[in-house]
Amino acid sequence: MNYLSIENLTKSFGDRVIFEDLTFGIDQGQKVAIVAKNGSGKTTLLKCLIEKEQYDSGRIVFRKDLRIAFMQQNENLEGKNTILEEVFSHDLPELKAVKEYNFAMRSGDENLIANSFEAITELNAWDIEVKVNQILSVLKLEDTSKLVSTLSGGQQKRVALAKVLVTDSDFLILDEPTNHLDLDMIEWLEEYLSKSKSTILMVTHDRYFLEIVCDTILELEDKTIYKYKGNFSYYLEKKAERNEQRESTIGKAQNQFRKELEWMRRQPKARGVKQKARIEAFHDTKKVAKQRIDKSELEIPVKMERLGSKILEMHKVGKSFGDLKILENFTYTFKRNERLGIVGRNGAGKSTFLNMILGQEEVSSGKIVTGETVVFGYYSQELLKIKDETKKVIDVIRDIAEFIPLEKGRQMSAAQFLEKFLFPRDMHYNFVHKLSGGEKRRLKLMTILMKNPNFLILDEPTNDLDIFVMSVLEEYLRGFQGCLIVVSHDRYFMDKMVDHLFVFEGDAKIKDLLGNYTAYRKQMLKSNKAKKLDNTPEEVIKITTISGGTDKPVEKKIKLSYKENAEFERLEDEMEQLEVEKAKLTVILSDANSNNEDLMQAGERLSKVVKELETKTDRWLELSEFV
């Protein structure tokens, strides 16, 4: 059953055409994501669908009587409302009935209570309040009496998400739903939307989210829509095939163009009808031959300032705000090629930790020693700040440096660097104030990289960056020879970029875990399952406590036979090998340069690896129960 039909939709801003003659449909139950480069018009398209933005021509038709809910990036919430009032500010009869019942209970009016009780019963809306409380609890919005105006930007974003989810609408339109959510919230939302019966259209840059939730990908490129009926892996595979076909077509056109160009140069001025037809065909061929394939590759052998033997040392560092402890007796020495990820709940002190490293926050005790050769590059969550937003894009980069030094005495100009980060030549002289939010984020990132740092600190670098720019950034960071610290809720990015984690658990407890984010989550899940099995001490996992608290993991004795014990140990090694293979296969599937055969083989093998990993994990858990 068709829920949404779009025919020949066109939208422009002045002379700039955003998209043209878009035609596609969405059926009941589909979970669809729109992917595109920043500035391509994803958010504009969503706003056109719900009539918050006018379009030039075309038709948008929703099925009649659909309940539609829209969550936009910059939600206009009512500041004077409490969280609960804002979440219930819908015209839905069920929500209005629950809202009136809550008011009646607070007033103590028995007649009002009786009437509202009867209304809820008639609408069968008793489970809605339970659902609302569950959603607010998961999104850490338990104090529902707080005014919206007193909330942080991230909290307001979560209120907007809760407001949409409680409607249980037939059609959900979500613009960047995972922004400002911590990792636990994102995983909960994945499961919630996967099980939801609602039809969903979303814009998100979270690649694991795209993989797990979506069954259809719409790519907005070259002002048109390409539809892929599958998840993110399928999209990557088919996009690679489409690019191969396009390259082949362009290659043939270029060969034909060279032949026809010779003929054109030989022709006299007087031309017959047949010649005119051939001339017209020549111009059509020229148009195809001049097309360029943007492969979004980034291999920049940057010559950075060499790091000395002393990089960064933290000696018995303590930090607290009143009774709130962030660090206590924390000691760590950063090494060359450090690739550290930082995870933990919001408010646990991650950003404070970074600010102390940078000298922007005083330590309460202990000391931090920074090596003389260290050049920090810090990408914060704040938006790009430029005094004069009428400045042109290329001038923002040139103000830092005209050239970036490369190995072997070579240089890369500011213009070339912009092109590497997907700012084509025709955008170099655009004014900064005309850039989209994602384009401004990308420009800010470039201002940091252009300074050629040897110690990069990235605080939520993937927020508002599209999947194509993130691919470019990942390529750059793979070749980065300095130290790297990443704070991110993008699990895909963390898995590819870091080799160990600081887990901020709160109350000055920080644990150092070898491995990436997926390894961390697996160990946490095993730990939680073991806790449910019995009340004996938690099994040991490979985590080193490096700060705070007195509690240490207590090793569980596992009473197994000699044969079972050998199997148990072997399983751990095999699971680790499978995880490594899984990571390698994921890289192949996400690489736009992989050919079709490689993609097919990697996809088939990945399916087998995942199943094998699940089987071995189940057996490992089964053996671990014998204590």
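# Close-up views of a predicted protein model

**View 1. Glu474 and its surroundings.** Glu474 touches Arg207, Tyr492, Phe493, Lys496 and Met497, not counting residues up to four places away in sequence. Contact here means heavy atoms within 4.5 Å. The model is predicted, so local features need pLDDT of at least 70 and side-chain atom pairs count only at pLDDT 80 or more, while totals for chains, interfaces and linings use all residues. Residues are numbered from 1 along each chain as its sequence is written, and side-chain values use heavy atoms, with hydrogens and water left out. Glu474 lies in helix α15. Helices are DSSP runs of H or I with at least four residues, strands are runs of E with at least two, and both are numbered from the N terminus. Is Glu474 buried or exposed? At 1% relative accessibility, Glu474 counts as buried. Buried means under 20% relative accessible area, exposed means over 50%, and partly exposed lies in between (1.4 Å probe, protein chains only).

**View 2. The salt bridge between Glu474 and Arg207.** Side chains of opposite charge can pair when their charged atoms come close. A salt bridge needs a side-chain nitrogen of Lys or Arg within 4 Å of a carboxyl oxygen of Asp or Glu. Glu474 and Arg207 form one, with 2.6 Å from N to O. Glu474 sits in helix α15 (residues 467-478) and Arg207 in helix α8 (residues 207-213), so the pair ties together parts that are 267 residues apart in sequence. Arg207 counts as buried, at 4% relative accessibility. The two side chains are also joined by a polar contact of 2.6 Å. A polar contact is a pair of N or O atoms within 3.5 Å; within protein, one must be able to donate a hydrogen and the other to accept it, and residues adjacent in sequence count only if both atoms are side-chain atoms.

View 3. Lys496 counts as partly exposed, at 23% relative accessibility. Which residues belong to the network? Salt bridges that share partners join Arg207, Glu474, Asp490 and Lys496. By the salt-bridge rule, the count comes to 24.

**View 4. Arg491 and its neighbours.** Arg491 is found in helix α16. Its relative accessibility is 4%, and Arg491 counts as buried. A polar contact of 2.4 Å joins the side chains of Arg491 and Glu190. Leaving aside neighbours within four places in sequence, Arg491 is in contact with Leu183, Ile186, Glu187, Glu190, Asp206, Tyr208, Phe209 and Tyr517.

**View 5. The pair Lys239 and Glu221.** Lys239 forms a salt bridge with Glu221, and their closest N and O atoms are 3.8 Å apart. Lys239 lies in helix α9 (residues 232-266) and Glu221 in strand β8 (residues 216-221), so the pair ties together parts that are 18 residues apart in sequence. Lys239 counts as buried at 10% relative accessibility. Glu221 counts as buried at 18%.

**View 6. An open sheet of 3 strands.** The strand order is β2-β1-β4, with antiparallel pairing. Two strands pair if DSSP finds at least two bridges between them. β2 (16-27) and β4 (57-62) stand at the edges, each with a single partner strand, so one side of each has no neighbour in the sheet. From one strand to the next, the twist averages 15°. Axes are lines fitted to C-alpha atoms, for helices over the stretch in contact, and angles run from 0 to 180 degrees between N-to-C directions. Strand β1 (residues 2-13) pairs with β2 in the antiparallel sense over 8 bridges. Asn2 has Asp27 in β2 as its bridge partner.

**View 7. Helix α1 and the residue Glu51.** Helix α1 (residues 42-49) is mostly covered, with 6 of its 8 residues buried. Those buried are Lys42, Thr44, Leu45, Leu46, Cys48 and Leu49. Just after α1, Glu51 takes a positive phi of about 60°.
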